Structures are given as structure tokens and as C-alpha cells.
Amino acid sequence: MADTYVGSIDQGTTGTRFMVFDHSGEVVANAYEKHEQIYPEPGWVEHNPVEIWENTKAVVTRALEDASLDAEQLEGIGITNQRETTLVWDKESGKPIHNALVWQDRRTTDRVEELQAEDKVEWIREKTGLEADAYFSATKTEWILDNAEPLKLESSRSHDLRDRARDGELLMGTIDAWLIYNLTGEHITDVTNASRTMLFDIHEMEWDEELLAEFDVPAEMLPEVRPSSDENYYGHTDADGFLDAEIPVAGALGDQQAALFGQTCFDAGDAKNTYGTGSFYLMNTGNEAVTSEHGLLTTVGFQMSGEPVQYALEGSIFITGAAIEWLEDVDLIDNAAQTAELARSVDSTDGVYMVPAFTGLGAPHWDGRARGTIVGMTRGTKKEHIVRATLESIAYQTRDIAEAMEADSGVETTSLRVDGGAVKNNFLCQLQADIIQTDIARPEVDETTALGSAYAVGLAVGYWDTIDELRSNWQIDREFEPEMSPEDADRMYGRWDDAVERSLDWAQEE
């Protein structure tokens with residue numbers, strides 16, 4: 001009998017990956033495809049959902065072909081996705097009525113400021129654990145229903161989009177729901193993605209009628225909410241579809257919760273930080289939804305079949321890896337790997353600080369009108385200083401979160417598990433250990449987002465029996481211990497707040 005595996009669709013902000021894992025959590029197949037980033041106006045970011053679905057089919061097919069695997073060898077497929085990115089589509093045709101609004105998109109900042117002016121921020125936080133911010137799906141869905149009219153599908157009906165939604169003709173979802181719909185025909189999301197919409201009560205674990213009324217989002221368009229690892233399955237792929245096989249789809253997690261799961265942070269106090277387009281620092285708080293007093297989010301960590309929800313505290317940093325991409329965009333570097341060499345070539349930034357607030361600032365500042373800022377430059381400033389300042393900004397933003405996390409949880413971080421593309425950079429990992437004065441543990445499998453959704457579906461279909469099996473798979477590639485003195489770290493970090501202050505509330509005209 002042929003060996004069997006589990007597959008993971010990792011649909012990220014810049015591209016889509018499909019990975020296949022074996023029992024030991026090792027990668028046996030891998031394919032990736034980028035998709036277009038669409039910027040209709042400053043601060044607006046969109047993706048074409050049809051392109052994402054076509055790329056998904058392409059990477060699944062290519063990964064299997066390249067590894068000489070048959071789709072029948074997959075015991076299940078899990079999904080992990082860029083969170084908060086939101087779309088609305090026609091139930092009958094399956095066609096989106098507008099491009100997806102990406103989590104980075106700031107077009108609804110005015111609406112968020114209305115909520116702030118109406119003193120609804122605390123009300124929203126109490127129900128959802130989230131800050132009132134354009135980051136989340138509620139205002140994005142509201143905007144699409146208000147503004148997609150010129151782009152709506154040809155229809156003999158004259159009534160508006162909300163009427164169509166109330167009649168069950170339109171469906172709303174985050175990217176996981178879009179992929180599950182296309183794979184299985186079912187309209188389903190998981191608890192972690194639902195918890196990022198600003199429409200879901202994370203204490204009652206259900207869509208909230210008052211929030212739906214606030215944003216005028218009809219309940220009829222919402223997906224069914226299921227556990228992240230679901231023994232009842234979300235559905236199966238179509239035997240007559242692109243895989244020519246009926247494969248269970250039974251696991252889904254938003255990408256940061258998937259990384260928490262993939263890093264085997266199953267116990268209260270376990271923490272990880274993922275460095276991707278942005279960085280997302282999560283700490284498992286067990287069955288308690290810990291309220292943050294320091295600008296963090298309270299969110300759903302994961303839920304396994306038949307078990308209570310596990311919650312997490314999260315610090316969301318919007319721009320980290322994307323700041324390195326910006327260095328490339330403006331020709332300061334040729335590729336990301338070059339940053340370590342350039343940063344090492346100077347002893348310091350010579351007082352330069354870079355605040356990469358290209359799409360506003362997330363935790364703990366929550367300023368949608370902040371913008372990217374470089375301060376402290378002199379005539380002697382070179383590109384090496386700016387490159388080093390950019391890497392330092394990643395470490396400083398992470399320390400912001402680490403300090404807030406310790407203050408909220410009362411748990412001192414002694415070791416931080418890291419993953420994502422940027423952690424391949426040894427210079428950055430060492431810098432991170434120095435700035436937050438904490439050991440950094442980098443695992444052998446750094447694609448922990450994909451691994452997490454593979455674990456979720458593998459548990460659901462019985463590929464793995466217990467989470468202890470998954471713990472035994474986790475292996476350290478390298479640990480980084482602080483080499484800088486606490487005094488030097490504090491001195492460098494000391495002026496970071498001054499730089500951040502200069503970036504705040506800049507985009508007043510947008």
C-alpha cells in the first residue's frame with residue numbers, strides 16, 4: 001500500500017503555497033505561486049479572489065506532480081489563510097462581486113473613527129476581544145455592500161446588495177471560507193477566522209446580532225462556524241473536480257493561529273512570533289479569554305473537536321517583512337538576504353530610526369493614520385544605516401509586544417519560538433534576542449503556518465492520534481541567546497518611542 005500524507009493549503013498575503021507532510025512533520029512536497037497586489041488608491045489593498053483560487057489549484061496539482069504523489073494518498077487537506085481579508089460572492093455563480101479587501105487595507109478608517117467618536121470601542125472589545133480597527137472584516141464587509149454596486153453581477157433583480165444578501169443570494173467570508181466553498185461547496189469557517197471579523201462574540205462563540213446590526217451585515221450571508229480541527233469534516237473535494245478524488249477537508253486556522261498550533265504551543269503560557277509580511281506574536285492563555293490592558297488583542301487560539309476553545313493574547317504588527325520588501329522596491333537592496341551583510345557592515349544605525357508604518361500601526365499603538373517615517377538622518381547616513389534601522393525596527397516592534405504581553409499575562413517570557421521567512425536571517429534572530437533579552441528558538445521546519453493546518457486536519461482524520469505525537473515532531477534548528485547587555489538594549493530601545501511618536505496621525509488627508 002502506498003504511503004499516505006496530509007496536505008496543507010497556505011494562502012498568504014503575497015502568495016499561495018501547498019505543502020504535503022508525513023507522520024514526522026517532514027515536508028515531502030511543496031509548491032508556491034505569487035498573486036498580484038492591487039493598490040487602487042493610497043492605503044487601499046485588494047486581491048483578486050479568482051486568481052487566488054486558480055493559483056490554489058495550480059500549486060496543489062504541481063506539488064503532487066513534482067513529488068510523484070497521487071491525490072488519493074492525501075488523507076486530508078487543511079487550510080490556513082491570511083486573516084481578516086474579506087470578500088463577498090454570489091452563491092449561485094460562485095463569482096465575487098468585488099475584489100477581496102486585504103487585511104492591510106485602510107479605506108474604512110473614517111468608519112472606525114465614527115465608532116470611536118460614538119464611544120463604541122469598549123463595547124466592541126468586550127464582545128470580540130478586538131480593537132475597533134479597519135484591519136478587521138466588519139467594516140470591510142460593510143464597505144463592499146455599500147460600494148460594490150457598480151461591479152455587481154448582472155442580475156434581473158433590481159434590489160440592492162444587502163437585500164440580495166438577506167435573501168441568501170450573497171455569501172461573505174474570509175479567504176478560508178472562500179477556499180472551503182470552492183473545494184467542497186460548503187459555506188464554513190473556523191473559530192479562529194470567525195474571531196477576526198469583529199462580528200463574532202468570542203465568549204458566546206457565535207455571530208453577534210448587535211454587531212451585525214451595527215454594520216448592517218445580514219446573518220444569512222455568514223458562514224457556519226466549526227472547530228479548527230473537525231472530526232465531522234467540513235466536506236470533501238469533488239471526485240469530478242481538479243483532483244479527481246474525494247479528499248476530506250477538515251481543518252482550518254487563520255495563519256497566526258496555525259503557526260501557534262504548528263509550533264505546538266498547546267499549553268497556557270506557550271508563545272510564538274511569526275515574521276511574515278507583518279509579525280504576529282501570540283501567547284496561549286488556555287481556556288481563559290484574558291482581557292488586555294496594554295493594546296493587545298484577545299482572540300481564539302484554536303479549538304479541537306469536542307474540546308473547549310483555547311484562547312490567546314495577540315500582538316499584531318502590520319509591517320515587518322514588508323519593510324524589507326520596501327528596501328528592495330526602492331533599490332536599497334537587491335534581495336532580502338543582502339540585509340544581514342549590509343547591516344553587519346556598520347556598528348550601529350548612527351542614530352537613525354525607521355518606523356515602518358506604511359499601513360498604519362497595529363499593537364500596541366493602534367493608529368490607522370500613522371505612516372512610515374525615518375528620523376535621525378544626517379549627511380553621513382548611508383544605505384547601510386537605513387537597512388540596519390529597518391531590521392532594528394522589527395526587533396523594537398516585537399519588544400513593544402513582548403512587554404505588553406508580560407504586563408497583561410503576568411508571565412515572563414524566557415524563550416520565544418519564532419518562524420516565518422525572515423527568521424532565516426541569523427542577524428535578525430540575534431538582534432531580536434538582544435533587543436528583547438530573551439532566548440530565541442528557531443525550529444527545523446520554519447513553515448509552521450502550513451504545518452499547523454496539516455496538524456489540525458491530521459488530528460481530525462486520525463492521521464495523528466494525540467498532540468503528544470506532534471510535540472515530539474518539534475525540533476530546534478538553532479537557539480539565539482542575548483549577547484548584548486541589558487543596558488545597551490534599553491538604551492537603543494529608549495528612543496524608539498520618540499520615533500514612533502513622529503509617525504503618528506500623519507495621513508490626515510486620506
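These legends go with close-up views of a predicted model.

**View 1. His-35 and its place in the chain.** You'll find His-35 in the loop that links β3 (27-34) to β4 (46-47). With a relative accessible area of 6%, His-35 counts as buried, because the cut-off for that label is under 20%.

**View 2. Who sits around His-35.** Leaving out residues up to four places away in sequence, His-35 touches a stretch of neighbours made up of Gln-11, Gly-12, Thr-13, Thr-14, Gly-15 and Thr-16, plus His-47, Glu-51, Ile-52, Asn-55 and Gln-82. Take Asn-55: 20 residues separate it from His-35 in sequence, yet the C-alpha to C-alpha distance is 7.7 Å. As for Thr-13, its backbone oxygen is 2.9 Å from a polar atom of the His-35 side chain.

**View 3. The open sheet of 7 strands.** Reading across, the strands go β17-β18-β16-β15-β21-β22-β23, and the pairing is mixed. The edges belong to β17 (297-302) and β23 (476-480); each has a single partner strand, so one side of each has no neighbour in the sheet. On average, neighbouring strands here are turned by 30° against each other, direction ignored.

**View 4. Strands β16 and β18, side by side.** Here β16 (residues 279-286) pairs with β18 (residues 310-317) in the antiparallel sense, over 7 bridges.

**View 5. Helix α9 against the strands.** Residues 255-262 form helix α9, which lies across β15 (271-275), β16, β17, β18 and β21 (415-419). Relative to β17, helix α9 runs at about 55°.

Notes. Residues numbered from 1 in each chain as written. Predicted model: local features only at pLDDT ≥ 70, side-chain atom pairs only at ≥ 80, totals over all residues. Heavy atoms only, no water. Helix = DSSP H or I, 4+ residues; strand = E, 2+ residues; numbered from the N terminus. Buried < 20%, exposed > 50% of the residue type's maximum accessible area, 1.4 Å probe, protein only. Contact = heavy atoms within 4.5 Å. Polar contact = N/O pair within 3.5 Å; in protein donor to acceptor, adjacent residues only side chain to side chain. Pairing = 2+ DSSP bridges. Axes fitted to C-alpha atoms, helices over the stretch in contact; angles between N-to-C directions.
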